[in-house]
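Hello,

Here is the structure we talked about handing over. Please load it first, then read the notes below it.

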Amino acid sequence: MSDGISPSSRTSGSNSGEAYDGEADIIRAWARGLAPDPALTVSEWADRYRILSPRASSEAGRYRTDRTPYMRAIMDALSPSHPARRVVFMKAAQVGATEAGNNWIGYCIHQAPGPILAVQPTTDLAKRLSQQRIEPLIEESPELRGIVLPARSRDSGNTVLAKRFAGGQLILAGANSAVGLRSMPARWLFLDEVDAYPGDVDGEGDPIALAEARTRTFGHRRKVFIVSTPTIKGLSRIEREFEATDQRRYFVPCPHCGHMQWLRFERLRWEKGRPDTAEYVCEGCERGIAEHHKTAMLARGEWRATAECADPHVVGFHLSALYSPVGWLSWAQIAREWEAAQGNDAAMKTAKNTLLGETWQERGEAPDWKRLYEREKEHALRVVPWGALVLTAGADVQHDRIEVDVWAWGRGLESWLVDHVVLEGDTSQAAVWDDLTRLIGMEWRHEDGAPMRIARLAIDSGDGRSTSQVYAWVRKFGAGVAAAIKGVDGFDRSSPVDGPTYVDATEDGRKVRRGVRLWKVSVAVFKSETYRLLRLERPTAEETAEGVAFPDGFIHLPVGISAEWVKQLTAEQLVTVRDRRGFSKLEWRQMRERNEALDCRVYARAAAWLLGIDRWTESKWQSLEQQVAADRSKEQPAGQVRQPVKAGEKRKSDWLGGREGGRWFR
C-alpha cells in the first residue's frame, strides 16, 4: 500500500533520513500534543523554576512557596491534574495572590502549553502587568526565556499584549475591550481584580461571560482562575462567585493549645490608641498569640471547606490580611490602619476591602433634607467663600430648560454651592444655548474680591431628545471648558470617569465624524460619595472658635438656597434589586419627582475629576491661592458679575447677558 510519498520526494529531503523536510519537527510537535499533562504541580514548578526579579518583587531571588504556605493549595488547584475547573480567590491585599497567578502563567507556558488569556480591568493595566510582571517572569527564568520567542526576532509574535511560545500564546487583555476578550479560544483563563471590571463592555455584555465563552471548546480540560479584592456588598463579583463555592478558609493551630481556627478580625485585640499591642486571641483557650508565632502557624495550616457546593469542579478560597507573612503587613499595622479609618466611611470601605477581604455595605438611605436645610450656613448664594479656589459646573438638560449648578472646590474635596440657575427655553432652539454660553463667560466674586470663572462645565448628553444639540454646543464652545458626559450604571467601574470616546456631531446640518469627545461617568459612585459627605458633622461653634477645621469633603450650602433645591439633592435612595438572572445588585432609585440638583452635583463633581483635583498636590493649591490673590487687584471685571443674594431676598428673575427670562432658584 502506498504511503502517498513519492520516491523523488524522499530523496529530496535532508541527509538525516527524513522522508521530507521538517518531518522530525512535525512528529515531535504531534507527540507533544498527544502527551498527557505533566504530574508536576504549579507550586512544585514555582519552587523549582521561578525566580523573582528585583524589578517586580521586594524579595528578589528564588520563589519559595513556604513563604506563603496558604498559596500552595490554591496554586495546586490550578494544576491540570487537579479536578477543579473553576478556582475562585476572594482576598485582601498583601497576601501574594499576584505572584501565584504569575506562577500559573509560567507553569502553563513551560509545562502545559496552550492558549492563555489573562484579563485585567483595563487595557492600560494589562500593559502594565506585561511590562512589570510578565516580562520579568520570562527574563529571570531560563526555562521560560528559552521558550518564549524574543521580541527582537522577525515575526516573533511577541508584543506587549501577546507572548508567543511553542504550543500556545499568552494574550493580555483589558475587560474594557470586547475586541480583546474575543481575541482567541483559551484553555487557561486568568481573570484578575474582577470587581474593577465594567458592568457592560462595548454594549456586548458582562466581560466575565465574554471571556469564559472563549474556554468552552476545551471542555473539561479548561481552567478558570478568578481573583479579586472585594468592593461593595450586593455588587461585588468576587463575593458572588465565592458564595457559589465550597468557601474554604485557612485554619491554623494555636501555638498554646493547638486548637485549629481560621483568623477573624474581631479576635485581633489591642489597647485603644496603642496598635503596637495588637495580638490575636485564640478562640479555644482565650490566650493571646504574639505575631512571631505566625510563621509556624501558617506552615501547619490547612484549607477547610465551610460550605457545600453543588458543583464538585468549583472551589473557592478566602483570605484576609491577618495571614500576611511576617515582614509584610503586621497585625500592629492592621490595627493602626483600622483605628485611623474610624469615622471616615471612605477609609472604612478601603480597610474592609483591603485588610479584611470583605465587602463594604453602602448606606443607601438619603440624608434628611430638613436637617440639611436647617443646618447653619456660612456664605451667601453667588459668593465664592474663603477656602474655595476653583469653580466647576454641572448642567442638566430638559426639553424646556437647562439647569446649572456652580460649585466651588477647595483642599480635601471640601465644596460649596455657589449658584443655581434655570435657563428656560426650548432646548431644540438656539436661544437657550446662547444663554448657557453667556453663563460660562460670567464671573463670581470671591469673598476677598477676586473675580472667578467656571474652569470646567460637564453637561449631560441627554436621553436622546437633545443629544445632538449638546454635541453641537460642546463642539462649538470648545472642549477646554465644556465636556459632554453620559451617565452609566454600576459601582464596579475602574474609574468614576472613563474616556473619552469620540462620537459624531452635527454642525450646521453637516455630520462631523468623531467630532466630539464623550466621557462616561459612573453616577452611582458620585451619588454615594455625595450622600456620604452630606452626613459629615460640622464642627460646633466652640470647636470652630478653637480653630477646628471642617472635615475633608464637607459640603457647604449657602444662605438663600431653597427647600425645593435641598429636596432635589436628597431625592434618591440606594436599593437592592434583582436582575434577570436572579443576582442581587444595588441601584439608585428616585424617591421624589425631581432630582435635578443631585444630577447637577454629580456632573459638577465629574467636571472636578476631569480637572484633576483629586490628584492635585499642595503646591498646586498654593499656586491657585496666589492666582486668586493676584486677581484681587483687578478693578474692573472682564465679564458680567453675578451679584450676591442677601438673606431673605427673593427675586423671580434676573438679567442674564441682556436677555430676560433666565430664572434663578434659591
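**What was found**

Axes are lines fitted to C-alpha atoms, for helices over the stretch in contact, and angles run from 0 to 180 degrees between N-to-C directions. Helices (H or I, at least four residues) and strands (E, at least two) are DSSP runs, numbered from the N terminus.

Before going on, the ground rules. This is a predicted model, where local features need pLDDT of at least 70, side-chain atom pairs count only at pLDDT 80 or more, and totals for chains, interfaces and linings use all residues. Residues are numbered from 1 along each chain as its sequence is written, and side-chain values use heavy atoms, with hydrogens and water left out.

Pairing takes at least two DSSP bridges between two strands. Leu268 has Tyr280 of E12 as its bridge partner.

Cys282 is in no disulfide; its nearest cysteine sulfur, that of Cys254, is 3.6 Å away. Cys285 is in none either; the sulfur of Cys257 is the nearest from a cysteine, at 3.8 Å. Cys282 is buried, with a relative accessible area of 0%. Cys285 is partly exposed, at 26%. Buried means under 20% relative accessible area, exposed over 50%, partly exposed in between (1.4 Å probe, protein chains only).

**H17 and H20**

Helix H17 (residues 523-534) packs against helix H20 (residues 596-611) at an angle of about 105 degrees, with the axes 10 Å apart. That makes H17 roughly perpendicular to H20 (65 to 115 degrees). The H17 side of the contact includes Phe526, Tyr531 and Leu533, and the H20 side includes Leu598, Val602 and Trp609. Contact means heavy atoms within 4.5 Å.

**Whole chain**

The chain has 21 helices and 30 strands. Of its 666 residues, 51% count as buried. Among contacts between residues at least 6 apart in sequence, 70% join residues at least 24 apart.

Best regards

How values were computed: A disulfide is a pair of cysteine sulfur atoms within 2.5 Å. Angles under 35 degrees count as roughly parallel, over 145 as roughly antiparallel, 65 to 115 as roughly perpendicular and the rest as oblique.
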